Amino acid sequence: MQHNKRHPLFRPTAIALAVAGVLAAPVAMAASFNTGAVTQGVVASGSNSELSAVVDMPVGSAVLTPRIRLSADGTTVAGVYDTQSGGAVDVFVATSSGSQKNSTNLSSVAFLGATDDGKNVLVSGVSGGVRRLVVYSQNSATTNLGVTQLTAPSSLNGKTDWEILDGAISSDGIMVLANLRSSAGADEQGIVFNGTGMLTSASPQIVLRDDFGNVANGNTVNTRGKAFATTSSGYRLAGELENRMADTITAAVWDFGNTAGGVNAEVIDATSMFSTLGIVSLRKTRADAISADGEVVAGQIYGNDNGGNQIDSVYAWRHPGAGGSTTQLLQPGSTISNSTNYYRVAGVSSTGNVIAVNGENGTATNQSIREAFVWTYDNGTGLYSGQSIGELDATLPNADRKTVIKAVSGDGTTVVGNGMRTASGGGIEAAAFRWTASSGIKAISQWLTDAGVNVGNQQMVTAEDVSDDGSVVVGYASNGDTGNDYYYVARVGGSGWSSGVINVGQFNGTLAQGGERLVALNDRLVNMGLNGAHHRVLMDNGIAAGQRCAWAVADVGGGRDSSQYLAESGLCGDFGNWRLGLGIGAAKGRYDLSQGGRAQLDGYFVTAEANYGWAERSRILSATLFYGNWDASIKRGYLNGAASDHSRGGDGVQSAALRMRFDWKDVARYQQMAFSPFVSYTYSHSRIDGYTERGGAFPVRYDDRTISVNEGRVGMIGKVALGERSDLRLTAEAVSQFGRSDDKVRGQIVGLNSFNFDSGNRAKSWGRVGVELDHRLSSSTLLSASLTASGSGADSAFGGSVGVKMAF
């Protein structure tokens, strides 16, 4: 994971695609200032040197360009996404306990970052013709996020026309940096909003100046500062300091101390490096990146030497706390015959001992990146030594030989980025790479292939970020077989995990599908028990009043990709106006999943039914209890590269339900058919035990889930005699679910990120029709057979039942 990310003002345009997943950060900025001029989303670093999170937007939502941050511990997802509804943009914070979101009601929205815990999101947008910063904060007391608006000061440096240019938020949320610009565009200034705990609109504004820049010439301030990076605590900023009187721009570090009380700038002294290079005209120095502990700064130096040649390079500055206050120019000799004229910071490791640099050639208005370098600090010499990381294809013409570092791992061992190479079918193509000192530069596809992963015809186009230990890389890819573009997560080794690469969108779809199908399968088994085997109340089962009875029934149901089976037997007896019954049975169900996967439930259930009849049992009130205990078995399929992979798991599912029903028999007749209406209400509550999958390259852990459902039914039964011993029954009913509890699929991709999806199970309405034939085998034995067809709902699409009832 790159630990130092530069301000979005200086980032190239990120790739504009629809699937979230990775951080586009070709130049450096401190991780704690979670900036994100990222059109696609972000990857955050977590504990144990593991990549914390890469997720897609919730499955099924209309998402065009999501921009996402994930908390360092992987439990919280935060960001913004286009709703595709009139240009509206929503902000959301999703945790393992639920999610909150707001409509921004802003235009030209830019996602600027989030805190490390993911619970505070910073965006900028235009409202009332004014661009402002807005902090959205998780608020457990409401369903919406808290909103704090930060606007430019009404008066600063003698000007009253300031507007916000861009901003960033520190990892702890205590500070928000805002870079301002006067409306005329002739002046810029950095300020900091700070406070105790989370910011409020009344938080003081700290103007970034130096220790001598008070007031001169009336209301004109001598020095103006802008910050581009911050440490993990947010109390040390790095950027540039402009001296308006001397017309110079100098790199600076602002140290706020542990209490954010000081605001003085420490100017980075570059005199020594200037003299050794013979620089006679210094135009600008700037601090672009700072290490997590604030001890190392890297940035840009710009000027001319005594021969009039332009120098536009990178330097490293080490604070005394890092082993001596030293400044070093990081300018290697170019290994490409076409000279390299420009250098930019690409990333800094967490300790600052490794600095990545991209070289550029051309003019100030046409800077094309050519080659990349890694500089490593030597404790013995007290200096950085640099090396070129090489190229994917050195046979290309100079104009096409481009290597770009996008990120540095936290431990400094790995850099990732993009390069150019000759395509297999001819021509030139972009390809993602990974570099270490031991392996050199290697295409991501080759890195995976060497680890035994079948990548097929998938082209890893970019590598945008890397985990702390270098074992996980995320980026953008294209499927050469389908032409589809997507974001990928690739993992080789690291904490003993299997190697593989996943399409983020496709993989997240399997997470949601597995959770949704397990719940849907449970719903169907419960409904089969209550409205299949017990679709008729016991007083209407064909056994005359005053007798004891027994029954046995077998049900089967299913649809295009599912099947359910049930067998039950029971005893019943009459006690005055009551008929009581108790049954026990077994049930099994299966749902097919994508990529050859399946979800299966198998177990037993018990039922208890009490009927009360009056008016010669023409009116019946019944209560039926159902309890099922199933063993769950899940085989989840997903693509690992170009090959199908499977991870298996499962535990238990427990379901309890109560159905209340009223039947009014023979309320009306039409010719030979008698009509009997009925109405019922069912409440069910289910618990799905969590489990951790086994096998496969990307197993996941699913958390426990509880689901409650309310369901109402109203129907009509038409009965006609087919002779002395047979009756035909026709049934039509309307079903509606309501008040369904929040059903989320939560868990963690083992070794990677947590996830929190809506399962897709919704309260719904549908219809069901059925036909049933009763045939009396003897005066004490009745045989029944039925067929049903259902709309899209919690009943099986098609069902059949055979049962026998006996009086004794």
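**Close-up 1. Ring pairs link W578, Y612, W614 and F662 into a cluster.** The model shown here, as in every view below, is predicted. The ring centres of W578 and Y612 are 5.1 Å apart. Their planes stand at 55°, so the pair is tilted. How accessible is W578? W578 has a relative accessible area of 41%, which makes it partly exposed. Y612, at 30% relative accessibility, also counts as partly exposed.

**Close-up 2. Y343 and F373 form an aromatic pair.** The count for the model comes to 13 aromatic pairs, and this is one of them. The centres of Y343 and F373 are 6.0 Å apart. With 55° between the planes, the pair is tilted. Y343 belongs to strand β25 (residues 342-348) and F373 to strand β27 (residues 366-378).

**Close-up 3. Two arginines lie over aromatic faces.** R318 is placed over the face of Y377, at 3.6 Å from the ring centre. R661 is placed over the face of F678, at 4.1 Å from the ring centre.

**Close-up 4. A disulfide joins C549 to C572.** The count for the model comes to 1 disulfide. The S to S distance is 1.4 Å. The link of C549 and C572 is left-handed, with -105° about the S-S bond. C549 lies in strand β38 (residues 549-558), and C572 in strand β39 (residues 562-575). The pair therefore ties together parts that are 23 residues apart in sequence. Are these cysteines buried or exposed? C549 is buried, with a relative accessible area of 0%. C572 is buried as well, at 6%.

**Close-up 5. Strands β47, β48, β51 and β52 make an open sheet.** The order is β47-β48-β51-β52, and the pairing is antiparallel. Which strands stand at the edges? They are β47 (691-692) and β52 (754-758). Each has a single partner strand, so one side of each is left without a neighbour in the sheet. Helix α3 (residues 504-531) lies across β48 (700-702), β51 and β52. The helix runs at about 130° to β51.

**Close-up 6. Strand β51 (residues 744-749) pairs with β52.** Strand β51 is mostly covered, with 5 of its 6 residues buried. On one side, β51 pairs with β48 in the antiparallel sense over 3 bridges. There, the bridge partner of Y702 is G747 in β51. The pairing of β51 with β52 is also antiparallel, over 5 bridges. K744 stands opposite D758 in β52, and R746 stands opposite N756. β51 and β52 form a hairpin with 4 residues between them. In the turn, G751 has a positive phi of about 85°.

**Close-up 7. Strands β9, β10, β11 and β12 form another open sheet.** The order is β9-β10-β11-β12, with antiparallel pairing. The edge strands are β9 (107-114) and β12 (146-150), and each pairs on one side only. On average, neighbouring strands of this sheet are turned by 25° against each other, direction ignored. How many bridges join strand β11 (residues 130-137) and β12? The antiparallel pairing of β11 and β12 runs over 5 bridges. V134 has Q149 in β12 as its bridge partner.

**Close-up 8. S792 lies in the loop between β54 (781-790) and β55 (798-807).** S792 is exposed, with a relative accessible area of 66%. Which residues does S792 contact, leaving aside its neighbours within four places in sequence? They are K764, S765 and W766. The C-alpha atoms of S792 and G559 are separated by 9.9 Å. Along the chain, S792 and G559 are 233 residues apart.

Conventions:
Residues numbered from 1 in each chain as written. Predicted model: local features only at pLDDT ≥ 70, side-chain atom pairs only at ≥ 80, totals over all residues. Heavy atoms only, no water. Disulfide = S-S within 2.5 Å. Helix = DSSP H or I, 4+ residues; strand = E, 2+ residues; numbered from the N terminus. Buried < 20%, exposed > 50% of the residue type's maximum accessible area, 1.4 Å probe, protein only. Phe/Tyr/Trp six-rings, centres within 6.5 Å; stacked < 30°, edge-to-face > 60°. Lys NZ or Arg CZ within 6 Å of the ring centre and 35° of its normal. Pairing = 2+ DSSP bridges. Contact = heavy atoms within 4.5 Å. Axes fitted to C-alpha atoms, helices over the stretch in contact; angles between N-to-C directions.
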